[in-house]
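Here is a short briefing to read alongside the model.

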Amino acid sequence: MSDSSRIVTLTTDFGDGSSYVAAMKGALLSVDPAARIVDLCHSLPPQNLVAAARFLPEVLPYLPRGSIHVIVVDPGVGSDRALLCVSWNGQILLVPDNGCWTSLEPLAEEPITVIRLSRREFWRQKISPTFHGRDILAPVAGHLSRGVSPGDLGDRTTEWRRLALPKARVKGGDVWGEVVHIDHFGDLITNVSASMIGAAPLVRIGDMTISRIVQTYADAEPGSLVALIGSSGQLEVAVVNGSAAERLGLKIGAPVEVLASP
Amino acid sequence: MSDSSRIVTLTTDFGDGSSYVAAMKGALLSVDPAARIVDLCHSLPPQNLVAAARFLPEVLPYLPRGSIHVIVVDPGVGSDRALLCVSWNGQILLVPDNGCWTSLEPLAEEPITVIRLSRREFWRQKISPTFHGRDILAPVAGHLSRGVSPGDLGDRTTEWRRLALPKARVKGGDVWGEVVHIDHFGDLITNVSASMIGAAPLVRIGDMTISRIVQTYADAEPGSLVALIGSSGQLEVAVVNGSAAERLGLKIGAPVEVLASP
Amino acid sequence: MSDSSRIVTLTTDFGDGSSYVAAMKGALLSVDPAARIVDLCHSLPPQNLVAAARFLPEVLPYLPRGSIHVIVVDPGVGSDRALLCVSWNGQILLVPDNGCWTSLEPLAEEPITVIRLSRREFWRQKISPTFHGRDILAPVAGHLSRGVSPGDLGDRTTEWRRLALPKARVKGGDVWGEVVHIDHFGDLITNVSASMIGAAPLVRIGDMTISRIVQTYADAEPGSLVALIGSSGQLEVAVVNGSAAERLGLKIGAPVEVLASP
């Protein structure tokens, strides 16, 4: 019975309220009505693998062992790209083989094992060439939730695609990075991580230079432009009780420089 | 105990994050705290029965028998329109009698039975004239989830409203239809179904003519405008890794012609 | 075992699909994998305590006793503001001490007890100064769901912050209020409650005067501008099957006058 209440999370680029999400939930529940669905995100930017690769390491490390994750950002649906079942830190990912889980690899604390899905008895009978999330991944998640082992789903592989993600460059104590995400508050999250930054740096972004690195938003007056290490360990630029994205007029991809103190 | 963990899905036009959705969940859970809520969609266009009628057949056939569905698109709330409990393919729908479930009727593989809700002991004590979803449908769903039978909720009826849905016209091998939905990717989903289309058709939409029908998006170069049979069996027009809605500047209701090959 | 399936609701201003929401769900489930997550709202306007204070009394009275509510609208995160565990009508709130739950106080039918969270053994080991929702409130909710008592989480306090909410003024039978919320339909919800209004009032809003108070939307023709007492007992202004916000061009904060009949 404990197996019959596995956590199955969903992460897609289908859009909130999409009938595609709802149909996937149905396809999952019709295999395992006891699966415990947890919506993680349905509003990843369409077909944006980089956004998926940023989202997953912010989230999956917080989920418990035994969780099953269905992740559907799948511009190659219907082509010959494989579908994978990845065992990662005691959790299971069901993903198209397009590199969307690349950034989880360095976080593995145990050997990763990867299965290429091939056993059609765990899929829906009729497979749409444009919706493998509903017709393959969701029912496979249901079977895993009911106790099927990853090894039953296909053959093991040691090859999979990896994504080239925008990485910050460090040179002589200075760092060049970029904005990789903008949250609901308008905070600009960069790919510069805390470990790259020395004491008392200058942060240049847009046409602003920020000399004050704070611990938290409440350390500065409302309306102040501040830089800080956010909850994921990355440098972010924020306006206290306001929107840095709006104030600076910046988008994803905007460059950021962090200069070591002179 | 198995009855105490029935799946209860919610489909509304209240908007994501609406306090109306949250209050409905509360009204359901206060009758059956063990009900297993599954959000299907809360962003149907306001009071748009046609959109509801398009959504439901894309989704409900994938849900398991025994599921209970609360569907609230209800422009007539508080008037004398009835509320219905519909038994459909082993699933139960709770809906206003406004035709929103019209398109599920032809998918019935067993006789449909319909009850008009009248037994107030299964409703909240105080009924707002503008929120029957919270005060009637949600608690009734909770009672069904706890094991009450549809027949206990009121009297059977054989009359209900049906919606006139925009249907494609077929004449001499040619088809005239329209765009009935635009998804998060900007794909234009039409009401032309696969069975209406012959081999090698020409698709005319906006000021474009598409001669290439593909199997899946990956069959054409990124940026290509393509036509294909989507995951619901309907003709759709897409831009590979892009937005057809944006490219063509089209909205719901835009006409589409499918001409038989000469 | 019954304790292991407690309802834990989430209400935040993180935005739908935010990785912050997803990480909080993970942090909760990694403490109690059996917690039954119910999303209430993730699209409260950023850092808007007044909006939170409006949302909660519309919703929480409908939830069953025993529910645990994690509420994160937290502009003061990382400062010395406390985090509270509030026992309210048999339900438990986990909130920053910023007044976001002010409007629930008058609805208490039993004495409220409030604990200041201080026992770090129920928190994540590493606490980000900008994300107490994930690192403190979510794991504490998991421990409560597993049976920990509020009293184990810290010391009782009798002092907490209250929010000054915009209240309608009544004078000689006339009422001056304002629009406090606009819903997905474009209905303008005011802070004028039913009990403040006499028979046959005139409602002045924008440059319109409405003399017709209806029971429900269906009482007037589509397109009509009407006033009515909405499902939360407050005066609202609506356009039947349309958007009053759009028609009148009004926003939150717009004044409304209700004049007693002459």
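Searching the whole structure, a predicted model, turns up 22 salt bridges over all chains; a salt bridge here is a side-chain nitrogen of Lys or Arg within 4 Å of a carboxyl oxygen of Asp or Glu.

Residues are numbered from 1 along each chain as its sequence is written, and chains are lettered from A and ligands numbered from 1 in the order in which they are written. Because the model is predicted, local features need pLDDT of at least 70 and side-chain atom pairs count only at pLDDT 80 or more, while totals for chains, interfaces and linings use all residues; side-chain values use heavy atoms, with hydrogens and water left out.

**Salt bridges**

- In chain A, A:Glu121 pairs with A:Arg119, and their closest N and O atoms are 2.6 Å apart.
- Both partners are partly exposed: A:Glu121 has 47% relative accessibility, and A:Arg119 has a relative accessible area of 35%. (Buried means under 20% relative accessible area, exposed over 50%, and partly exposed in between, with a 1.4 Å probe and protein chains only.)
- C:Lys25 and C:Asp39 form a salt bridge at 3.0 Å, N to O.
- That pair ties together distant parts of the chain, since C:Lys25 sits in helix 1 (residues 19–31) of chain C and C:Asp39 in strand 2 (residues 36–41) of chain C, 14 residues apart. (Helices, H or I with at least four residues, and strands, E with at least two, are DSSP runs numbered from the N terminus.)
- Both C:Lys25 and C:Asp39 are buried.
- C:Asp135 forms a salt bridge with C:Arg134, with 2.7 Å between the closest N and O atoms, and both of these residues are buried.
- In chain A, a network of salt bridges links A:Arg124, A:Arg134 and A:Asp135.

**Where chain C meets chain B**

- Contact (heavy atoms within 4.5 Å) involves 28 residues of chain C and 33 residues of chain B.
- The size of an interface is often given as the accessible area lost when the parts come together.
- Chain C and chain B bury about 2500 Å² between them, with 59% of it on carbon and sulfur atoms. (Buried area is the accessible area, 1.4 Å probe, that two parts lose on being put together, summed over both.)
- On the chain C side, C:Tyr62, C:His184 and C:Phe185 lose the most area to chain B, together 28% of what that side buries.
- How many salt bridges does the rule find across the interface of chain C and chain B? It finds zero.
- Strand 2 and helix 2 (49–59) of chain C each supply at least two residues of the side that touches chain B, and strand 2 gives the most, with five residues.

**Helix 2 of chain C**

- This helix is mostly covered, with nine of its eleven residues buried; among them are C:Leu49, C:Phe55 and C:Val59.
- The buried residues of helix 2 of chain C pack against helix 1 (19–31) of chain B, together with strand 1 (7–12), strand 2, strand 3 (68–72) and strand 9 (174–182) of chain C.
- At the start of helix 2 of chain C, a side-chain oxygen of C:Asn48 comes to within 3.2 Å of the backbone nitrogen of C:Val50.

**How the copies are related**

**Positive phi angles**

- B:Ala200 is not a glycine, yet has a positive phi of about 50°.
- B:Ala200 lies in the loop between strand 10 (188–193) and strand 11 (202–205) of chain B and is exposed, with a relative accessible area of 58%.
- C:Gln47, also a residue other than glycine, has a positive phi near 60°.
- C:Gln47 is in the loop between strand 2 and helix 2 of chain C and is partly exposed at 22% relative accessibility.

Key
Polar contact = N/O pair within 3.5 Å; in protein donor to acceptor, adjacent residues only side chain to side chain.
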